[in-house]
Amino acid sequence: AATARLAAARGYDVCVNYHANKVAAQAVAADVEACGQRSIIVQADLSVEQDIVRLFETAERQLGPLTALVNNAGILEEHSRLQDMSWDRWQRIFQTNVFGVFAASREAVKRMSTKQGGAGGSIVNLSSIASRLGAAGEYVDYAASKAAVDTMSTGLAKEVASEGIRVNAVRPGIVLTEIHASGGEAERPARIAPTIPMQRAGEPDEVAKTILWLLSDEASYITGSIIDVSGGR
């Protein structure tokens, strides 16, 4: 939501994808339009390939050529040791966090690549500092899924660099969002804050500003990079 709002302030029209919370998506779209930009909302489950294809087709049809993609959808489940995790849980995590990012990136490349008639563009993937910390005793599966995002970002960046597409990733640390509640501990940021060198959790806007910088021409010679936004953790 913070990224969508900042993108509008920077002059982007914005397609807001949502899974289930239509009211929240409508509120973000209203904020985008208040900045004088166009916005649409599209329901799509990023664990379902057909939904992802429909999302991109709808955005292109209603807003025009794609210039930027932010792969932000990601899920985690309640804290658990790996020995207690189920096969179904792993499938759910990787279906959204890895396969969803792969499919969305594929659809973006098809539309952006100068070799396929596009005008180029920029992709920013949301990883997590967990990809290098491992999230032991909490969600190793989530951490591993984000490590896959890191590797995909590096490889895809090299694959499409000559086609006018830049691909980078942002690795947030502990940020004040609702994802902690879905992991079973809404107060996790307060618990972890003393272990962060900067002694605090991050704000969504701090991540959004990094994303928008990577999307912009100010980062025109940057691709295949992974930027930690983690307070030094």
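Contact, in this talk, means heavy atoms within 4.5 Å. Helices are DSSP runs of H or I with at least four residues, strands are runs of E with at least two, and both are numbered from the N terminus.

What you see above is a predicted model, so local features need pLDDT of at least 70 and side-chain atom pairs count only at pLDDT 80 or more, while totals for chains, interfaces and linings use all residues. Residues are numbered from 1 along each chain as its sequence is written, and side-chain values use heavy atoms, with hydrogens and water left out.

I start with two helices, α3 (residues 49-63) and α4 (residues 87-112). From α3, the residues Glu-49, Ile-52, Val-53, Phe-56, Glu-57 and Glu-60 meet Gly-100, Ala-103, Ala-104, Arg-106, Glu-107, Ala-108 and Arg-111 of α4. The spacing follows a general rule: an α-helix has 3.6 residues a turn, so residues three or four places apart point the same way. The two axes come within 10 Å and cross at roughly 35 degrees. Axes here are lines fitted to C-alpha atoms, for helices over the stretch in contact, and angles run from 0 to 180 degrees between N-to-C directions.

Two strands pair if DSSP finds at least two bridges between them. β5 (residues 165-172) pairs with β6 over 4 bridges, and Ala-169 stands opposite Ile-226 in β6.

Is Ser-153 buried or exposed? Its relative accessibility is 1%, so Ser-153 counts as buried; the cut-offs are under 20% relative accessible area for buried and over 50% for exposed, with partly exposed in between (1.4 Å probe, protein chains only). Beyond its neighbours within four places in sequence, Ser-153 is in contact with Asn-125, Val-167, Asn-168, Ala-169 and Gly-224.

On to α1 (residues 2-9), which is mostly covered, with 6 of its 8 residues buried. Those are Ala-2, Thr-3, Ala-4, Leu-6, Ala-7 and Ala-8. They pack against β1 (14-18), α2 (22-34), β3 (68-71) and α9 (204-215). After α1 comes Gly-11, with a positive phi near 100 degrees.

Ala-135 has a phi of about 55 degrees and sits in the loop between α5 (130-133) and α6. With 11% relative accessibility, Ala-135 counts as buried. For Gln-199, phi is about 65 degrees, and the residue is in the loop between α8 (188-192) and α9.
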